[in-house]
Amino acid sequence: MAMTWHLPPRSLSLIVLESVASVALIVLSLIGNVLILTALFRNPRLRNTSNSYIAALAVTDILSACVPGTLFASTLIAGRLVFGMPVCRLSGFLVHFLTYVSMTTMTLTAVNRYFRVVRPQLYRKWFTKRRSWSILVALWLFIAGFVFYPTALGVGTFTFNPMLSFCAYTFASKSAETVFTVAVVCVFVVFSLSLVCVCYYHVSKQIRSHNAGIRLSLQGVSVHEIKLSKVLFIMAFAFAICWIPTFGVVLIIRVVLRRAPHELAVVIPFLIQTSSVLNPLIYGALSPPFRREFRRLTTFTRRARSSDINSNASSPVGQIGVALEQIYISRLCGVDDSRRQQAGWDEPSQFPSSKVAWPV
């Protein structure tokens with residue numbers, strides 16, 4: 001029994017490569033997702049309904065890095081299961097639970113964008129903050145029950161898989177494994193990804209048909225919301241790039257090969273950990289509000305600039321410059337206000353110059 005806790009023989013170069021890569025993914029996932037949660041905590045303006053899903057994804061990614069990711073990395077480094085079976089079972093449960101939670105949360109994000117852009121009149125009624133969090137909690141409880149039911153019925157248990165280098169379900173019969181696998185693929189892969197594709201197709205069609213959102217602004221959809229839809233679409237696309245190959249490898253192992261080599265099986269946990277790293281990178285690179293918060297959290301430029309401004313403003317020359325700048329801004333705003341009133345727009349974000357291109 002103890003021998004089954006050891007990994008198959010590996011070359012020294014493969015051990016070093018797998019160990020360094022697994023640890024790097026954990027560090028990057030923790031740093032990026034902690035930055036997201038910290039930005040949401042520091043900036044109240046970021047706490048909207050759409051970003052609540054981003055916060056939920058960040059929480060799941062942190063949990064994935066802390067428990068399954070740590071067990072996976074320690075196993076690759078030591079060449080065997082370091083922790084005992086209780087931790088192994090907890091890790092196996094979280095691998096399945098967090099995977100399905102991430103996929104359903106990404107689907108909810110797509111549905112949220114659909115109603116925000118395509119059906120804005122229904123958005124405020126259905127997507128309040130309280131209702132959004134209630135839906136998330138209900139889905140998390142449902143998924144927890146779904147993952148736990150094979151154990152409750154005695155048809156499956158979480159055991160250590162040396163080829164995968166982490167803990168996963170082992171079923172008592174082929175029929176039980178087939179039923180569970182088909183249910184997962186149909187509900188969390190086919191249905192979820194199909195709904196994501198349909199939602200973002202209608203969102204992109206609506207934006208293109210309204211000249212990059214100018215008419216949408218008249219319906220209460222700001223340019224910021226359109227840009228956010230673009231960012232979330234890219235996140236869903238990157239998410240699919242990670243998860244479609246993951247389930248493809250799972251099907252190959254369970255249906256075709258039955259026993260896969262370590263080099264192929266270990267791709268599954270690596271893709272799972274990679275998906276936890278992508279969300280903060282995409283949001284940090286493409287979302288201006290989060291990018292500004294990340295810059296404030298990782299540098300001291302804001303403090304240095306504020307001290308320079310205060311010191312310059314305290315001098316006579318600085319006071320004259322501030323006064324002239326205020327006069328210039330007031331005149332510029334007056335011109336902009338008159339233009340907006342003549343054109344019939346209410347917000348600066350509704351100018352024709354604020355066009356947003358949707359990826360083809």
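Ser 165 is buried, with a relative accessible area of 0%. Start there, and keep in mind that this is a predicted model. Ser 165 lies in the loop between β1 and β2. Its phi is positive, about 70 degrees, although Ser 165 is not a glycine. Why does that deserve a look? Most residues other than glycine have a negative phi.

Now follow the chain to either side of that loop. Strand β1 covers residues 156-161, and strand β2 covers residues 166-171. The two strands run antiparallel, and 6 bridges join them. Together β1 and β2 form a hairpin with 4 residues between the strands. In a regular strand the side chains alternate between the two faces of the sheet.

Next, step from Ser 165 to a residue it touches. His 262 is in contact with Ser 165, and also with Pro 162 and Met 163, among others. His 262 sits in helix α9, which spans residues 262-265. Is His 262 buried or exposed? His 262 counts as buried because its relative accessibility is 3%, and the cut-off for buried is under 20%.

A disulfide joins Cys 88 to Cys 167, with the sulfurs 1.7 Å apart. Cys 88 belongs to helix α3 and Cys 167 to strand β2, so this pair links distant parts of the chain, 79 residues apart. A disulfide is a covalent bond between the sulfur atoms of two cysteines. The torsion about the S-S bond of Cys 88 and Cys 167 is about -120 degrees, so the disulfide is left-handed. Both of these cysteines are buried. The count for the model is 1 disulfide.

What about other cysteines? Cys 197 is exposed, with a relative accessible area of 54%. The closest cysteine sulfur to that of Cys 197 is in Cys 199, 9.5 Å away, which is too far for a bond. A disulfide needs the two sulfur atoms within 2.5 Å. Cys 66 is partly exposed, at 38% relative accessible area.

The largest nonpolar core has 87 residues. Helix α3, residues 85-117, gives the most to this core, with 17 residues. Which residues have the most contacts inside the core? They are Phe 97, Tyr 100, Val 147, Tyr 283 and Phe 290. Take Tyr 283 as an example. Beyond its neighbours up to four places away in sequence, Tyr 283 touches Asn 51, Ile 54, Leu 228, Val 231, Leu 232, Met 235 and Phe 290.

Finally, zoom out to the whole chain. The protein chain has 13 helices and 2 strands. Of its 360 residues, 46% are buried. Consider contacts between residues at least 6 apart in sequence: 77% of them join residues at least 24 apart.

How values were computed: Residues numbered from 1 in each chain as written. Predicted model: local features only at pLDDT ≥ 70, side-chain atom pairs only at ≥ 80, totals over all residues. Heavy atoms only, no water. Buried < 20%, exposed > 50% of the residue type's maximum accessible area, 1.4 Å probe, protein only. Contact = heavy atoms within 4.5 Å. Core = buried A, V, L, I, M, F, W, Y, C linked by side-chain atoms within 4.5 Å. Pairing = 2+ DSSP bridges.
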